[in-house]
Amino acid sequence: QASRMGATTTMMNTRSTTTTIWNNIQWLIAPCVLIIASKNAPFSSSLSIEPSRAFSTASGLPVSRYGLGGAARSTQPSTLPSIYCDHLAKQQQQVGAPFFFYYNPHRYPAFLSGIKDICDEKEEKTKRCDVFVASGGTGRSPPQLDQRLEDALKYSGGDYLDMFVLEYICPEELALDVTTWDNDPIKRLKPGPALEDAIQHATMWINQGRVRHLCVSTHSHVVGAVMARHPDIEALMLRYNMAHKNAAEEVSLPVAREYGKPVIAFTTTRWNGLQELSSSAGPTTAECLSFAFTPIVSPPVEIVLHSARDEDELKDALDNVKMGFESEEEEDLWRRYGEGLESTNDDFFDEYPEERFLKASSVS
């Protein structure tokens, strides 16, 4: 571990910080009130995955806080869902029921066939009511939404979906709320008409019993803060990892915590770039996932989503992911490692780099 810390520190010190980014920031809600958020949360870690406090299956079982997702950038085998379920069932202590998430079901047929077999109860050891399945879509019109729900239901038992996610909401889908005024410009934003209509359409499914929960996903933490205040949104899927944390910790996560909205953290490995960018100096997959459970962000982070590419990666993550780190020094190591990448955005993984400089005025 000591050699990895030294290699990581050397790598970070050699990275140049891009100063010209300040001159390129163009933000639709400027000026923003800058108030520094408190990050003096006490260090603690149970070092074992716990059942969720916020999400449960239809039968009432709390779900695992390690969720298995579909990866569009890889060919996941059909065996992953059953391996995941078996691992959770064999643990001596309760770690929660399976939590699955997938985007367009047509993008990875093998992985989805494994989920379908479980939801269709072809394996008698698992009942549909004891599994949590989430999916969604990027469409906003009623026909697009209805089609995506029907697609999702085909792979989740046919009767209901545990969570529907309105995916990839962008800042352009927000509108200025002219009926209110607040010194915090983020609080002057609300969903635009098309987005609000989509929310109300999906809420209708909940009333009909076809969907249990409504969630939104976004790469923008301004959007995340706005949606956390929406009364019909029950959960948020937000981007969070070692190299994409500043805006989350300053803007979206404090509002989610304030409004009691649980967060599903995704892109926790930065599409496996965090591990692969620096060979032995970089973190393991399990360390990337564990980072999202540190006290600064959990709560509100409730689920860490991992799109394991193969059986080995899944088993390694299941065996080693923890609720944070053993020491503050280890946590600080990976925070500094991520900052070396976040400060430059040389890989252009950050869709909204200007948000790194925002701080929410509502945070004390």
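The chain of 364 residues contains 12 helices and 12 strands. Buried residues account for 57% of the chain. Of the contacts between residues at least 6 apart in sequence, 77% connect residues at least 24 apart. The average pLDDT is 83, and 82% of the residues score at least 70. Over residues 1–47, however, the pLDDT is below 50, although this stretch has 84 contacts in the model beyond near neighbours in sequence. Where pLDDT is low, the predicted coordinates should not be read in detail.

Strand S9, residues 211–218, is mostly covered, with seven of its eight residues buried. S9 runs parallel to strand S6 (residues 161–166), to which five bridges join it. Within this pairing, Val165 has Cys215 of S9 as its bridge partner. S9 also pairs in the parallel sense with strand S10 (residues 235–239), over four bridges. Here Cys215 is partnered by Ala235 in S10. Between S9 and S10 the chain passes through helix H7 (residues 221–228), and this β-α-β crossover is right-handed.

The loop between S6 and strand S7 (174–176) holds Glu167. Glu167 is buried but has no salt bridge; Arg148, the nearest side chain of opposite charge, is 5.0 Å away. Leaving aside residues up to four places away in sequence, Glu167 touches a set of residues that includes Phe101, Tyr102, Tyr103, Arg140 and Ser217.

Strand S12 (residues 301–306) is largely enclosed by the rest of the structure, because six of its six residues are buried. S12 pairs in the parallel sense with strand S3 (residues 66–69) over three bridges, and the bridge partner of Tyr66 in S12 is Val304. Strand S11 (residues 263–266) is likewise joined to S12 by three bridges and runs parallel to it.

Helix H3 (residues 80–90) is mostly covered, with eight of its 11 residues buried. Among these buried residues are Leu80, Ile83, Tyr84, His87 and Leu88. The buried residues of H3 pack against strand S2 (62–64), S3, strand S4 (99–102), helix H4 (109–119) and helix H11 (311–320).

A search of the whole structure finds 12 salt bridges. In one of them, Glu150 is paired with Arg210, with the closest N and O atoms 2.3 Å apart. Glu150 belongs to helix H5 (residues 142–154) and Arg210 to the loop between helix H6 (193–208) and S9, so the pair ties together parts that are 60 residues apart in sequence. Glu150 is partly exposed, at a relative accessible area of 35%, and Arg210 is also partly exposed, at 23%.

A further salt bridge connects Glu249 and Arg335, whose closest N and O atoms are 2.8 Å apart. This pair links distant parts of the chain, with Glu249 in helix H8 (residues 246–258) and Arg335 in helix H12 (residues 328–342), 86 residues apart. Glu249 has a relative accessible area of 7% and is therefore buried; Arg335 is buried as well, at 10%.

Asp332 and Arg336 form a salt bridge (2.9 Å, N to O). The two residues are four apart in helix H12, so Asp332 and Arg336 are separated by about one helical turn. Asp332 is partly exposed, with 37% relative accessibility, and Arg336 is partly exposed at 31%.

Note on methods:
Residues numbered from 1 in each chain as written. Predicted model: local features only at pLDDT ≥ 70, side-chain atom pairs only at ≥ 80, totals over all residues. Heavy atoms only, no water. Buried < 20%, exposed > 50% of the residue type's maximum accessible area, 1.4 Å probe, protein only. Pairing = 2+ DSSP bridges. Right-handed = clockwise from strand over helix to strand, strands pointing away. Lys, Arg positive; Asp, Glu negative; His and termini not counted. Salt bridge = Lys/Arg side-chain N within 4 Å of Asp/Glu carboxyl O. Contact = heavy atoms within 4.5 Å. pLDDT = per-residue confidence, 0-100.
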